[in-house]
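Have a look at the model first, then read on.

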Protein chains: 2
Amino acid sequence: MFTRSGYRPPVTVPQLVRFCAGDSGQWSIRGIDAFRGESLADAPRLAVVLHDESPPGPWVLRGFTSNERYVTGAERDVLAAVQEGLGRPEATVAALIPIQKSQAWWALPQDERRAIIEERSAHISIGTEYLPAIARRLHHSRDLGEPFDFLTWFEFAPRDEGAFDELLGRLRATEEWRYVTREVDVRLERAA
Amino acid sequence: MFTRSGYRPPVTVPQLVRFCAGDSGQWSIRGIDAFRGESLADAPRLAVVLHDESPPGPWVLRGFTSNERYVTGAERDVLAAVQEGLGRPEATVAALIPIQKSQAWWALPQDERRAIIEERSAHISIGTEYLPAIARRLHHSRDLGEPFDFLTWFEFAPRDEGAFDELLGRLRATEEWRYVTREVDVRLERAA
């Protein structure tokens with residue numbers, strides 16, 4: 001079990017993950033909605049794969065899990081004590097939300113990005129309110145030359161979809177989100 | 001010209017760089033010395049290439065340039081005002097120093113890593129003392145599943161090699177360096 005002060009999550013090797021739209025995959029695409037910027041092409045299925053062979057399809061987005069970039073030790077202890085992992089049987093709905101931020105964002109130094117993210121936008125603390133219902137995993141894409149900077153992935157039970165939409169609305173109203181230049185909401189459900 | 005308070009460096013797209021040991025390349029390898037952990041195989045030349053085709057050879061190390069991870073706005077203003085770029089004609093000596101840090105390092109949250117790097121090890125301020133003589137570029141490798149976490153690259157004039165060695169010695173004596181599990185010093189000179 002975790003304790004708030006002493007828990008350290010296990011360090012895992014960064015993992016390259018591919019999100020492949022197409023005719024196959026463990027997730028059915030229910031809808032694709034561009035919140036800002038250009039959308040993505042329609043497809044019936046999404047395959048989330050950890051290996052190199054990506055099935056052919058209209059798009060493939062790549063990103064890697066990595067060490068944390070902004071969360072402090074105290075914040076991480078809180079997150080670690082309440083969050084749950086991916087793959088819960090009741091979490092039959094998922095959202096893949098690729099996000100691109102502006103050049104102005106990436107020109108900011110670390111301390112200014114951190115201040116905008118948490119001290120002024122409360123991104124981490126807003127997200128914590130929706131734990132453990134909303135499980136998530138962040139993938140970094142910008143360093144791979146991908147069209148998006150991040151691939152955010154969320155899993156939740158159907159009853160929590162309203163809360164998830166509320167979470168999105170609150171984040172999109174923050175100062176941090178002024179730096180978002182492209183965001184697409186791909187909503188999915190576990191394929192039968 | 002720069003001003004300390006207002007300068008913002010141009011944002012560049014992350015760039016994948018390959019360091020390829022072998023029989024060809026613009027740098028002659030003068031020596032390879034393992035400071036900690038396993039060394040790298042000998043080779044006569046090093047090619048630093050920005051494209052995908054890596055010439056065959058005993059080893060290829062890959063890393064990407066990226067946004068800054070620790071430097072504050074104030075620190076970056078100081079760096080930007082005094083640092084010089086790669087490729088200066090008088091900088092005929094180079095050092096490629098691949099570095100791996102421990103699992104314990106990567107398990108630390110952002111604020112603890114920052115505190116060790118600068119508040120307790122003065123990494124950024126020590127490095128600033130050696131500007132503009134020592135030009136450098138940092139490449140991130142860990143997220144690519146590479147054997148090293150960072151590929152650090154330095155260029156300087158032959159007369160500044162003593163200062164560079166002093167810089168290495170000071171950094172290796174810091175608390176931050178206790179987390180270094182592997183470090184190899186590849187010393188090079190521009191090939192005729």
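**Where the chains meet**

Between chain B and chain A there are twelve residue pairs in polar contact, both residues at pLDDT 80 or more. A polar contact here is a pair of N or O atoms within 3.5 Å; within protein, one must be able to donate a hydrogen and the other to accept it, and residues adjacent in sequence count only if both atoms are side-chain atoms. Keep in mind that this is a predicted model, where local features need pLDDT of at least 70, side-chain atom pairs count only at pLDDT 80 or more, and totals for chains, interfaces and linings use all residues. Residues are numbered from 1 along each chain as its sequence is written, chains are lettered from A and ligands numbered from 1 in the order in which they are written, and side-chain values use heavy atoms, with hydrogens and water left out.

**The interface**

- Two salt bridges run between chain B and chain A, where a salt bridge is a side-chain nitrogen of Lys or Arg within 4 Å of a carboxyl oxygen of Asp or Glu.
- One of the salt bridges pairs Asp143(A) with Arg69(B), with the closest N and O atoms 3.2 Å apart.

**Symmetry**

- Rotating by 180 degrees, with 0.0 Å of shift along the axis, superposes chain B on chain A at RMSD 0.0 Å. That's the relation of a two-fold axis.
- The superposition is by least squares on the C-alpha atoms of residues with pLDDT of at least 70 in both copies.
- In chain B, Arg69(B) has the C-alpha nearest the axis, 3.7 Å from it.
- The copies meet through the same surface, because 100% of the interface residues of chain B are also interface residues in chain A.

**Salt bridges within a chain**

- Over all chains, the count is 30 salt bridges.
- Glu161(A) pairs with Arg30(A), the closest N and O atoms being 2.4 Å apart. Glu161(A) sits in helix α5 (residues 161-172) and Arg30(A) in strand β2 (residues 27-36), so the pair ties together parts of chain A that are 131 residues apart in sequence.
- Glu161(A) is buried at 14% relative accessibility, while Arg30(A) is partly exposed at 42%. Buried means under 20% relative accessible area, exposed over 50%, and partly exposed in between (1.4 Å probe, protein chains only).
- Arg30(A) and Glu161(A) also belong to a salt-bridge network with Asp165(A), Asp185(A) and Arg187(A).
- In chain B, Arg172(B) and Glu183(B) form a salt bridge at 2.8 Å, N to O.

Terms used: Helix = DSSP H or I, 4+ residues; strand = E, 2+ residues; numbered from the N terminus. Contact = heavy atoms within 4.5 Å.
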